[in-house]
Structure formats: C-alpha cells, structure tokens
Amino acid sequence: YGTQTINKDGHLTIGGTDSVDLVKEYGTPLYVYDIQLFRDRAKAFQKTFEEAGIGYQVAYASKAFSTIAIYQVAAEEGLSLDVVSAGELYTAIKAGFPKRKIHFHGNNKGPEELRMAFEEGIGCIVVDNFHEIKAIKELSEKLQQPMNILLRVTPGIEAHTHDYITTGQEDSKFGFDLLNGQADQAFQEVYQHEFLNLLGLHCHIGSQIFDTAAFRLAAEKLVGKMGQWKTEFAYTCPVLNLGGGFGIRYTEDDEPLEPSVYVKEMIETVKETTEAMDFPVPEIWIEPGRSLIGDAGTTLYTIGSTKEVPGIRKYAAVDGGMSDNIRPALYGAKYSSILANRAGEAAEEAYTIAGKCCESGDKLIDHAALPKIESGDILGVFCTGAYGYSMASNYNRIARPAVVFAENGEHQLVVRRENLDDLIKQDMSYKQQVKR
Ligand code: LLP
C-alpha cells in the first residue's frame, strides 16, 4: 500500500519510517498514517476535475478520520471539508481550516450546531429534512444572515454494499425523497427565501461501492430533477454534490477501480445528461472519506497470547481489537495483515487474530496468513485509516491508541495515547445519600 515497503532489516516501512522503530518510540496499538498517500489521493481527484475542465470541490468526509492534524493537511491540499457534528466543526476551526470551505451535514443537526454553523460563517449547510428547513429559516431571519444550502435527496438507488452503510435507497433516514414529491416541496420552501441561497442538490448513495453504474444512475436522477426545476421555475442549479462512497481494497477479494475512475464516469454522465437537456454543466462536488484516507492508515499491534484449538484454529491475540477497530465486529469487515517485524518471511500458518476485549466476537481477522507467530511480534493491519480511530471506543476501559503521521522518512505524533487518568477524567465520585 502506498509508500509501504520492506527494508533491509525485514521490517515494514510506512512513509519511509521503520515500523519497528515507531513501535519502540510510541508503543502499541498505534495508528500510523502514510500522509503522502492521502495527499496523492487528494491530488488524483482534483486532477480528474481539472482535466475535464469542470468546476469542482473535493470535500474530505472527515467522519472517516477527524483530528486537528489531518484537517491541516487537508487544508494544505486545497480540499474542502464535510463535517457532521459540532465536534467535527470545532476540531476543524481549531485546526484553522478555512471556514468557507466547510460543509455541514447530518440528519438531526441540533439548534446549537446550526447556530455554530451560522456564527462561524461556514461555506454551506447540507439540508436534510423539513424540520431543519424551518430551523435554518428562523435562525437566518433572527441573525439576518445569509446561508448557502444544498438539499440532500435520496435518489432511490441500492448500491451493493453492507446494509448498515447504504444511504441512498428509498427507505433511508437521510434526505428528501426524490421520487415522491418531498424534494419538490423542499425546493419550494427554500428557493425564494430572503436569506437562504440554494446552491444545489446533494446525494450520497452509500459507502465502499465498487460499481460505477450506481454513481452514473445517481447523477442522472439528480440532473433530471435539476432540469425539471429549470423548466418549471427557471432555476439554474449551480452545484451538484454526488457524495462519497468510492470503494477501496481491503483484501485481495476487493476489486475497486482507481478512485478517480468513479469521478471520471460521474463527470461524463453529468456532461451527457445536462447537454441533452441544454442545461449548463454545474460544478460537481464530491465528498470522499474512505478513498482519501482508508489505505493511508495501518494499525500496529503487539502479539501477546496465542491459543490452539486442535484441528480447528490457531488464535493470536493483539493488544487492541474492537476498541480501536469496530468494523470486523460491526460489519464483518475483512482486513489484510503482515508481521511488521518479519515482513520478508513467507506465510506458514493461518491465524485468527483476536482482540483483547471481553467478547467472543472481538476478532480482527479470520485466517490471516502469516509466518509462525511468536509473542512479541508486531502485527500490522492494513487499510485501517478510515472509520478506525474515528469509531474507536473505550469499551472495557481500554485507552485509545496514539496516532502518528509518517511522511518522507519522518514521523510525528498527532494524537497522544490516552492514559489511565484520561479514562476517569469525566467520572465523579458517588456522594453518600443524605439521610432524612
Ligand atoms: N458523504 C456523506 C453524506 C456520508 O454519509 C458519507 C459516509 C461520506 C460522504 C463518505 O463516504 P466514504 O467515501 O467514506 O465511503 N462506518 C462505515 C462507513 C459509514 C459511512 C457513512 N457515511 C464503515 O466503517 O464502513
């Protein structure tokens, strides 16, 4: 993956740094990000738009991995930012991210979150539902402040991915239904409002999608709606946001296309369909999370105990697990791995990599093909950059790992490892009940 190689000591290197040295310095479990890879991915998306000569924004869907440092790199790369909570917005502002390039998402943004969006003067709010239209209208009138908005619609497309992460199908908690009149009603409610500036339409059809047809179909449906509004209301929609969801390779079984291929096909479809309708090509915005940051991340663990169930399987347990990567337990997600300290050695055995949480389901990988493991070996699990750290928990009061960025042979700590005191920081002592 990316700039990962094996050095003369047989160690896995990430971003030109030796993983064994990283472990010595920072301990395990450790999330290590190959930052050059994130930069390359960002540039590839941007280049695709530039070559097509089309207006665009590439917004990093930061739910995939949200920290001050990655927001700063994203800003350096000229990315926009998709945030979904006061917490992500606050982190972005603390990182000094350009506020006008922040897009605010979510199906139930709270009153304080919306107020914060106005007060900080962010770039746009992606409006999800009628309740929110009302709240934004009231707020903008009260503050006498304009706000750019996009309407998020559900185009009724089922992309083939895990049930929990599909979002574009008709029966979804997100967005205005495109087919049953909800989107039209939403349009009517916002397009002539004094303070709301309707930039356009948004959809996100799901995550970890390999199939370009789903994106083409979504683009067609949204352009169709834009055409309708042009005819009926003489409204020319300037922006079409087609979300994220481009799949990446976790294991050999995954066969994604280059991320930019999805975008190329989207652009083609938008060009074709708008031309056919004699409609100006809108700016196309996308918001990839996983395909920008997923394969940039590797988690390093130390192997501790091992166990053999004779004739059935060999377990090797790591010093983390579902607390730093919930995806195998939650989605049945598959990962590939390597012994980072003996990366050049051939695989001899198949291990089930178990986590240390008190749940039988806390297994990171089934049948990881590895050399014969010894306790103390370092396991690298690839492609943990998206929805790993960002979905980590303190289950079993396990401290969250540190995060390190590696780039050009240098490394830096960007999230400190939690310590035991961090774990009890919010706790308060029980006060004896007052006797009456
Ligand atoms: N835009 C919107 C509106 C989204 O809801 C999402 C992801 C994205 C963009 C970015 O999608 P991506 O390019 O990362 O696929 N926790 C799950 C993934 C949930 C995705 C939720 N929305 C997982 O670990 O697979």
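The shell around the ligand comprises eight nonpolar, 10 polar and five charged residues. The model that contains this shell is predicted. Both domain 1 (5-33 + 294-423) and domain 2 (35-289) contribute at least three residues to the shell.

**Ligand surroundings**

- The ligand is surrounded by 23 residues, and the closest are Ala-61, Ser-207, Gly-244, Gly-289 and Tyr-387.
- Two elements, α10 (290-293) and α11 (327-331), are those that give two or more residues to the shell around the ligand.

**Domain arrangement**

- The domain assignment divides the chain into domain 1, made of 5-33 + 294-423, and domain 2, made of 35-289.
- A distance of 33 Å separates the C-alpha centres of domain 1 and domain 2.
- Contact between the domains involves 22 residues of domain 1 and 16 residues of domain 2.
- On the side of domain 1 that touches domain 2, β20 (402-407) and β21 (410-415) each supply at least two residues.
- The element that gives the most to this side of domain 1 is β20, with four residues.
- By class, the side of domain 1 that touches domain 2 holds 14 nonpolar, five polar and three charged residues.

**Packing of α2 with α9**

- Helix α2 (residues 35-52) packs with helix α9 (residues 259-276) at an angle of about 25°, and their axes are 9 Å apart.
- Because angles under 35 degrees count as roughly parallel, α2 and α9 are roughly parallel to each other.
- The crossing in which α2 passes α9 is right-handed.
- From α2, the residues Arg-41, Ala-44, Phe-45, Thr-48 and Ala-52 meet Pro-259, Ser-260, Val-263, Lys-264 and Ile-267 of α9.
- Six nonpolar, two polar and two charged residues make up the contact of α2 with α9.

**Packing of α5 with α6**

- Helix α5 (residues 111-120) and helix α6 (residues 130-143) cross at roughly 45°, and their axes come within 11 Å.
- The two helices α5 and α6 are therefore oblique to each other.
- A right-handed crossing relates α5 and α6.
- In α5, Pro-111, Leu-114, Arg-115 and Phe-118 meet Ala-135, Ile-136, Leu-139 and Leu-143 in α6.
- The contact of α5 with α6 has seven nonpolar residues, no polar residues and one charged residue.

**Packing of α4 with α5**

- Helix α4 (residues 86-94) also packs with α5, at an angle of about 25° and with the axes 10 Å apart.
- This angle makes α4 and α5 roughly parallel to each other.
- The crossing of α4 past α5 is left-handed.
- The α4 residues Ala-86, Leu-89 and Ile-93 meet Glu-112, Glu-113, Met-116 and Glu-120 of α5.
- In the contact of α4 with α5 there are four nonpolar, no polar and three charged residues.

**Backbone features**

- Most residues other than glycine have a negative phi, and most peptide bonds are trans.
- From Thr-28 to Pro-29 the peptide bond is cis, with omega near -10°.
- The loop between α1 (19-26) and β4 (30-34) contains Pro-29.
- Gln-144, a residue other than glycine, has a positive phi near 55°.
- Gln-144 is placed in the loop between α6 and β9 (147-154).

Notes: Residues numbered from 1 in each chain as written. Predicted model: local features only at pLDDT ≥ 70, side-chain atom pairs only at ≥ 80, totals over all residues. Axes fitted to C-alpha atoms, helices over the stretch in contact; angles between N-to-C directions. Parallel < 35°, antiparallel > 145°, perpendicular 65-115°, else oblique. Left-handed = near helix turned anticlockwise from the far one by under 90°. Contact = placed C-beta atoms within 7 Å. Nonpolar A, V, L, I, M, F, W, Y, C, P; charged D, E, K, R; others polar. Near = placed C-beta within 6 Å. Domains from an automatic or database assignment.
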